[in-house]
Amino acid sequence: MTASFVLLSLLIISSAIVAMTLRNLVHCALALSLTFAGLAGVYLELNAQFIGFAQILIYIGAVAILVVFAILLTRGSESPTQQVFSTSWVWGVAVALAVFGVIASVIFSSRLISGQALQATQPSVRQIGDALMTRFVLPLQVLGLLLTAALIGGVIIALKDKPDAEITEAAQTTSQGFSRPETK
Amino acid sequence: MTSLQAYLLLSALLFAVGLAGALTRRNAIIVLIGIELMLNAANLNFIAFWRYSPNPETSTGLVFVLFSLGVAAAEAAVGLGLIIAVYRHYRTTSVDQVDTLKG
């Protein structure tokens, strides 16, 4: 274990815990991007340069910004007046601890994980591109289709209902039997 | 402790933190952030196993992580779209208050 790995893992775990516990959601999103940056550093340490930079581009550049947009669009930046944790939070933490215990015991008892010497290989972007264009070309196309469908679907789901008179009238007449009760 | 074990332990810890957040927080956006953390833990496992595998020149683990990044981006887009739609309907993002289906 090198010093950089210890520092990076401390950064990752502490910022992940901060992201899960803070009250202000914007601060949570900032801590989340710190976690992603630490993970990118670990990828660089593992000789996966391309994945490290793709992590920075996709997670910090896209996913964290998307999370910030969602927080601001839903007025989550206002500090919540009520409790941020659910009432059964003890069970959630217990389940997470149990999962960690099982995984850690498996890691320590496994005979497959041996301390073999590192081969200092460093795949170039050309090799990754070759693999993507020859052996993995079909999964790549499927992924492109999935991304297209997901982005169109996300836009349609989040699209605001048009204040079209006919549509709203039709919706009101058909959905009166299913309308949500205002008071409980 | 070998180095691979250290990476796997870091990944397991990150997964546990994400799981605890997804199970305990009320806000749906934070639940989604916890799921993202769990996905990242899985990615770290892929990279670590690829690095310590007998033949890392095939770069299968790297390509798998690339696909995983794409799927995670799609998941984030659709999930946040759903959260915005739910917010527009219920005026809240708390998963405890979206309970119309509760008996």
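1. Helices are DSSP runs (H or I, at least four residues), numbered from the N terminus.

2. Please keep in mind that this is a predicted model, in which local features need pLDDT of at least 70 and side-chain atom pairs count only at pLDDT 80 or more, while totals for chains, interfaces and linings use all residues. Residues are numbered from 1 along each chain as its sequence is written, and chains are lettered from A and ligands numbered from 1 in the order in which they are written.

3. H1(B) reaches 32 Å from its first C-alpha to its last, close to the 32 Å expected for its 22 residues at 1.5 Å a residue. The expected span is 1.5 Å times one less than the number of residues.

4. Axes are lines fitted to C-alpha atoms, for helices over the stretch in contact, with angles from 0 to 180 degrees between N-to-C directions.

5. Residues meeting here include A:Trp89, A:Phe100 and A:Ile107 in H4(A), and B:Gln5, B:Leu13 and B:Thr24 in H1(B). Contact means C-beta atoms, placed from the backbone, within 7 Å. By class, this contact of H4(A) with H1(B) has 18 nonpolar, three polar and no charged residues. Ala, Val, Leu, Ile, Met, Phe, Trp, Tyr, Cys and Pro count as nonpolar, Asp, Glu, Lys and Arg as charged, and the others, Gly among them, as polar.

6. The contact between the chains takes 68 residues from chain A and 60 residues from chain B. On the side of chain A that touches chain B, 53 residues are nonpolar, 14 polar and one charged.

7. Within chain A, H1(A) and H2(A) pack at an angle of about 155°, with their axes 8 Å apart. That makes H1(A) roughly antiparallel to H2(A).

8. Lastly, look at B:Met38, which sits in helix H2 (residues 28-51) of chain B. B:Met38 is partly exposed, with 18 other C-beta atoms within 10 Å. Leaving aside neighbours within four places in sequence, B:Met38 is in contact with B:Phe15, B:Gly18 and B:Leu19.

Key:
Helix = DSSP H or I, 4+ residues; strand = E, 2+ residues; numbered from the N terminus. Parallel < 35°, antiparallel > 145°, perpendicular 65-115°, else oblique. Contact = placed C-beta atoms within 7 Å. Buried ≥ 20, exposed ≤ 12 C-beta atoms within 10 Å, placed from the backbone.
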